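Here are a few exercises to work through with the model open. Try each task before you read its solution.

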Amino acid sequence: MRIRTYAIAVTVAAAATAGLTLAPPAIAAVPKAFVSDFDGDGFADLVVGVPDGTVDGEAKAGYVNVVWGGPKGLGASGNTRVTQARPGMPGTPEKGDRFGAAVSAADVNGDGRADVVIGVPGEDVDGAGADAGTVAVLYGVRGGLGTGATILNGPASSAGYGKSLVAADFTGDGTTDVAIGATDKVVLKQGGGPAVTVFTGAMGGRAPVLATGDFDGSDDGTADLAVGYWSTAPFTQSHVRLWSWSAEEKSLANFWNTDNAGISALAAGDFDGDGHDDLALGECREIADENIDDPCGPEELAKGGGIHIHYGAGIPWNFGYRQQTLNQDTAGVMGVAETDDHFGAALAAADVNGDGRDDLIAGAPGEAIGSRARAGAATLLLGGPTGLVDAHGEAHSMGYQQNTPGVPGAAEAGDAFGGAVATGDYDHDGTPDMAVGSPGENTGSGGVWVLPAASPDGSYVFTPGKLGLPSPSSALKYGGTLTSD
């Protein structure tokens, strides 16, 4: 069994104390199609983090919006807005909490239904201080959402727990663990045990980017952790590192690194169909121009944002030996590479065309559409026998933006279409659908576009106004933070 979980933290902006014991008993893993089915109806749901939302008059207290899947897709069956004022939810809405800055989906309590894991990096914690941050869980129940609980609080002022997060079984004990991005730190809250620090490093206030997959090739159902981050001391560097669980050391052990590779997003998928998870580095660019090992591939492919792929090999020491790089100037990729396109700033993976190989969805929120700067676009890159680039050096892709025939709306300057991307089978027809966030839509109110089976045919959009959310015309940046199956 391969486990792949994706978490998108602050895609637009980005950039141990006692907590809840994530309870056994262990159960069979939730099938991939149901990773984000919170109400148990068989349809994937979507969580939109809205950390800039005002709640009870408190600016940027934040909320999350669960948009329910159903036979007619997302939103037709309604949505639920969740704040810290919800009965049974820890905390209270306060200015600057940024509830929903990061969101993930996982079965935390082992009842067979997905739960919503929520980062609140601005939370003030009693006994710890201002902006210590916290991570909470909202339990999914039959027919909806239940109560919540605290997973872990930050231990000190400005600790910023919950800037990013991803949930999976990292320890192999059958319970869900949560990897938490914080200020200059990544922490693992074990489902059946304590919180342990994975590593610390000066990150200059940026949220570390987190993803999971079976990168060491153990095929044991235990997830490995991928982390991308920048360090600022003693000088600027950037890193992508992988950790897997060591039963002997009872901790996550670092087994693979690439340095000097600055990234905005990570996604795991089996893009060549060989049974081993690969890792895509989004908007990969070399930091400090040291030219040591070309960590993001050929320098010319970094223009506008390059995507660099390290392929799995089934054994830890051979991970990433085979690599590919592409950008919008690669043959077969839609568009043209231009400075500040931010191609790959958001990533999600799924087998959209059903050929047994994962495909990669890449957002380019800085893409200009005609004269409309930063209107944004999204690209579906198809996997194949050799991965995302074929034996002739070409890719195969489909491009989408608001001026694509069949896609609702019109491309406008600053829409940032593609600022976040996600996948899920929202209508349960057996084919993954695409969700594309456009947080700059309607002068920053935002919206989410859904492309059933990654096709413009039948695509639709929902916005804060259409969903009946409060203050829909304010700068919510709705669609900037999404979950993905």
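**Exercise 1.** In what order do the four strands of the open sheet run, and is the pairing parallel or antiparallel?

Solution. Start with the ground rules: this is a predicted model, where local features need pLDDT of at least 70, side-chain atom pairs need 80 or more, and totals for chains, interfaces and linings use all residues. Numbering starts from 1 along each chain as its sequence is written, and side-chain values use heavy atoms, leaving out hydrogens and water.

Now the order: it's E9-E10-E11-E12, with antiparallel pairing. (Strands are DSSP runs of E, at least two residues, numbered from the N terminus; two of them pair if DSSP finds at least two bridges between them.) Next, the edges: E9 (164–168) and E12 (195–200) each have a single partner strand, so one side of each lacks a neighbour in the sheet. Then zoom in: E10 (residues 177–182) and E11 (residues 185–189) share five bridges, and Ala 179 sits opposite Leu 188 in E11.

**Exercise 2.** Classify the ring pair of Phe 199 and Tyr 229.

Solution. Rings of Phe, Tyr and Trp (its six-membered ring) pair if their centres lie within 6.5 Å; planes under 30 degrees apart are stacked, over 60 edge-to-face, the rest tilted. Here the centres are 4.6 Å apart and the planes at 40 degrees, so the pair is tilted. Phe 199 belongs to strand E12 and Tyr 229 to strand E14 (residues 224–231), 30 residues apart. Both are buried (under 20% relative accessible area, with exposed over 50% and partly exposed in between; 1.4 Å probe, protein chains only). Finally, ring pairs link Phe 199, Tyr 229 and Trp 243 into a cluster.
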